[in-house]
Amino acid sequence: ITKRVSNNNNNNNVLLGRGLTLLASILYGTNFATVKMLDEVIPLEYSAAARFGLAAVASILIVSPDTLLRNPKATLGGMTVGFWYSLGYLSQAYGLETIQASKSGFFNALAVIVVPVLDVLFKGVEFRLRQGLSLFLAVAGIALLELGDGVLNYKVDPGEIWCLGQALFFGIGYYTLGEVGREHKDSPGPNTAGQLLAIALVTAAVALFQTTTPSDLVDSSSAILTTIIT
């Protein structure tokens with residue numbers, strides 16, 4: 001009986017995990033259109049720094065600085081993941097300057113190619129049929145979007161190159177997250193806070209090199225407020 005109850009609890013945990021993952025995916029889907037809207041009003045570097053800076057502060061307060069200091073390895077592991085994510089988010093934002101949000105979202109699906117490739121290269125994991133199907137669907141989706149007017153009429157857009165970088169960096173981030181998550185499975189809070197902190201620091205550092213003046217940001221105060229709410 002005890003074993004049966006334990007199995008039921010495990011099944012419930014798996015279903016809950018899958019449900020939360022699905023919810024996160026749905027919410028993440030709104031990111032592409034929101035980022036494109038914001039970047040049309042204020043510099044993308046400031047937009048990213050504001051969004052992730054606020055998220056980092058909130059996560060640190062929720063987890064508590066003391067918890068982060070007691071789990072330095074988990075926090076640093078999260079920051080490693082966040083570094084790759086920050087490159088992915090910046091690539092995404094630069095790409096959205098010239099291509100549609102829907103197309104950027106499909107490009108991001110190519111991240112599913114990166115993770116299994118890294119598993120095969122660094123872990124010697126067997127390449128399975130379902131992974132092959134995922135790769136095929138991702139590549140086929142991009143091909144339909146990009147080659148709709150025919151191969152001969154296709155022209156490479158700089159935004160598409162950025163979005164390929166988005167898929168690459170997010171894919172490396174997902175792979176790294178898997179490693180860090182397994183190593184620090186009892187410290188999800190410091191892991192998450194470390195990710196957001198790293199993204200905030202990288203985007204803020206990039207924003208420092210922009211020529212936008214404080215008065216320009218004041219003129220875009222309504223957009224900045226939208227950024228904070230987002």
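In which helix do Arg182 and Glu179 both lie, and how many residues apart are they? The two share helix α8, at a spacing of three residues, about one turn of the helix. The model behind this report is predicted.

**Overall fold**

The chain is helical, with 11 helices and zero strands. Along the sequence the pattern reads α-α-α-α-α-α-α-α-α-α-α. There are 230 residues, and 36% of them are buried. The chain exposes about 13700 Å². Carbon and sulfur atoms supply 67% of that area. Consider contacts between residues at least 6 apart in sequence: 87% of them join residues at least 24 apart.

**Salt bridges**

The structure holds two salt bridges. Side chains of opposite charge can pair when their charged atoms come close. The table gives both pairs.

| Salt bridge | Closest N and O atoms | Helix |
|---|---|---|
| Arg70 and Asp66 | 2.2 Å | α3 (residues 65–70) |
| Arg182 and Glu179 | 2.7 Å | α8 |

Arg70 and Asp66 are four residues apart, about one turn of helix α3. An α-helix has 3.6 residues a turn, so residues three or four places apart point the same way. Arg70 is exposed at 53% relative accessibility, while Asp66 is partly exposed at 44%.

**Aromatic pairs**

Eight aromatic pairs occur in the structure. In one of them, the ring centres of Tyr85 and Tyr174 lie 5.9 Å apart. Their planes meet at 65 degrees, so this pair is edge-to-face. Tyr85 sits in helix α4 (residues 72–95) and Tyr174 in helix α8, so the pair links parts of the chain 89 residues apart. Tyr85 is buried at 9% relative accessibility. Tyr174 is partly exposed at 35%.

Another pair joins Tyr89 and Phe170, with ring centres 4.9 Å apart. The planes stand at 80 degrees, so this pair is edge-to-face too. It also connects distant parts of the chain: Tyr89 belongs to helix α4 and Phe170 to helix α8, 81 residues apart.

Ring pairs link Phe52, Tyr85, Tyr89, Phe170 and Tyr174 into it.

**Helix α5**

Helix α5 covers residues 101–108. Its buried residues are Ala101, Lys103, Ser104, Phe107 and Asn108. Seen down the helix axis, these buried residues fall within an arc of 160 degrees, so they line one face of α5.

Where is Lys185 placed? Lys185 lies in the loop between α8 (158–183) and α9 (188–207). Lys185 is exposed, with a relative accessible area of 66%. The C-alpha atoms of Lys185 and Ala74 are separated by 8.9 Å. Along the chain, these two residues are 111 residues apart.

**Helix α8 in review**

Several of the features above involve helix α8. It carries the Arg182 and Glu179 salt bridge. It also supplies Tyr174 and Phe170 to pairs with residues of helix α4.

Definitions and conventions: Residues numbered from 1 in each chain as written. Predicted model: local features only at pLDDT ≥ 70, side-chain atom pairs only at ≥ 80, totals over all residues. Heavy atoms only, no water. Buried < 20%, exposed > 50% of the residue type's maximum accessible area, 1.4 Å probe, protein only. Arc of directions from axis to C-beta. Contact = heavy atoms within 4.5 Å. Areas by Shrake-Rupley, 256 points an atom, 1.4 Å probe, with all protein chains shown as cover. Phe/Tyr/Trp six-rings, centres within 6.5 Å; stacked < 30°, edge-to-face > 60°. Salt bridge = Lys/Arg side-chain N within 4 Å of Asp/Glu carboxyl O.
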